[in-house]
Each structure stands twice: as C-alpha cells, then as structure tokens.
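The sequence and structure are shown first.

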Amino acid sequence: MATLEGIALVLTDYQPSERGLAFADAFHAVHPTTPIVLVTAFWSHHLEAELARRNFLVMLRKPFDYDDLHELVHRLAGRGSA
C-alpha cells in the first residue's frame with residue numbers, strides 16, 4: 001500500500017466478515033489523509049460505533065443511488081458538487 005500514491009479516495013465494502021474495516025485500518029495507517037468510504041448493507045449500532053471510533057471513515061448505506069455516490073465522492077475528493 002505504500003506505493004499507492006495520488007489516490008483521492010478509497011471506496012471499500014464492509015463485507016465479507018468485516019474485511020472492509022481491516023482494509024480501511026491498514027490503508028489509513030499508510031495514507032492517513034486519504035478519505036475512506038465504507039459501503040454496507042449490514043448497518044448496525046456496533047458498526048456505527050466502530051466508524052465513530054475510526055473518525056477517518058464515512059459510511060454509505062446500501063441501497064444508494066448514483067447521485068448520492070457521485071456527490072459523496074466529489075465532496076470527499078475536494079471537488080465540491082459536480
């Protein structure tokens with residue numbers, strides 16, 4: 001992951017088996033300023049607490065539509081709404 005430079009945003013899925021959180025933690029350790037969006041259909045209070053503890057994550061709950069994803073990606077990548 002250290003060789004991954006110039007990435008404006010990471011979008012990862014929570015499942016299977018919470019691997020999305022492990023990936024987000026590992027990526028954030030190397031690239032602490034890159035926004036990470038965790039996509040999930042498995043929302044829970046536990047997951048929300050985990051994301052709050054990891055204040056570098058943004059959750060996007062499934063189902064979502066393209067406009068929601070588009071706005072979020074552009075906002076987090078520093079481009080504003082497009």
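## Strand pairing

Two strands are said to pair if DSSP finds at least two bridges between them. The model discussed here is predicted.

Strand β1 (residues 10-13) pairs with β2 in the parallel sense, over four bridges. Within β2, leucine 38 is the bridge partner of threonine 12. Strand β3 (residues 57-61) also pairs with β2 in the parallel sense, over five bridges. Threonine 40 stands opposite arginine 61 in β3. Between β2 and β3 the chain passes through helix α2 (residues 45-53), and this β-α-β crossover is right-handed.

## Burial of strand β2

Strand β2 (residues 36-40) is mostly covered, with five of its five residues buried. Ile36, Leu38 and Thr40 point one way from the strand, while Val37 and Val39 point the other way. Residues on both sides of β2 are buried.

## Helix α1

Helix α1 covers residues 19-30. At 1.5 Å a residue, its 12 residues should span 16 Å, and the end C-alpha atoms are 17 Å apart, which agrees.

The buried residues of α1 include Gly20, Leu21, Ala24 and Phe27. These residues lie on the same side of α1, because they cover an arc of only 130° around the axis. An α-helix has 3.6 residues a turn, so residues three or four places apart point the same way. Arg19 and Ala29, on the other side of α1, are exposed. Among the elements that cover the buried residues of α1 are β1, β2, α2 and β3.

Definitions and conventions: Residues are numbered from 1 along each chain as its sequence is written. This is a predicted model: local features need pLDDT of at least 70, side-chain atom pairs count only at pLDDT 80 or more; totals for chains, interfaces and linings use all residues. Side-chain values use heavy atoms; hydrogens and water are left out. Buried means under 20% relative accessible area, exposed over 50%, partly exposed in between (1.4 Å probe, protein chains only). Helices (H or I, at least four residues) and strands (E, at least two) are DSSP runs, numbered from the N terminus. A crossover is right-handed if, with the strands pointing away from the viewer, the path from the first strand over the helix to the second runs clockwise. The expected span of a helix is 1.5 Å times one less than its number of residues. The arc is that of the directions from the helix axis to the C-beta atoms. Contact means heavy atoms within 4.5 Å.
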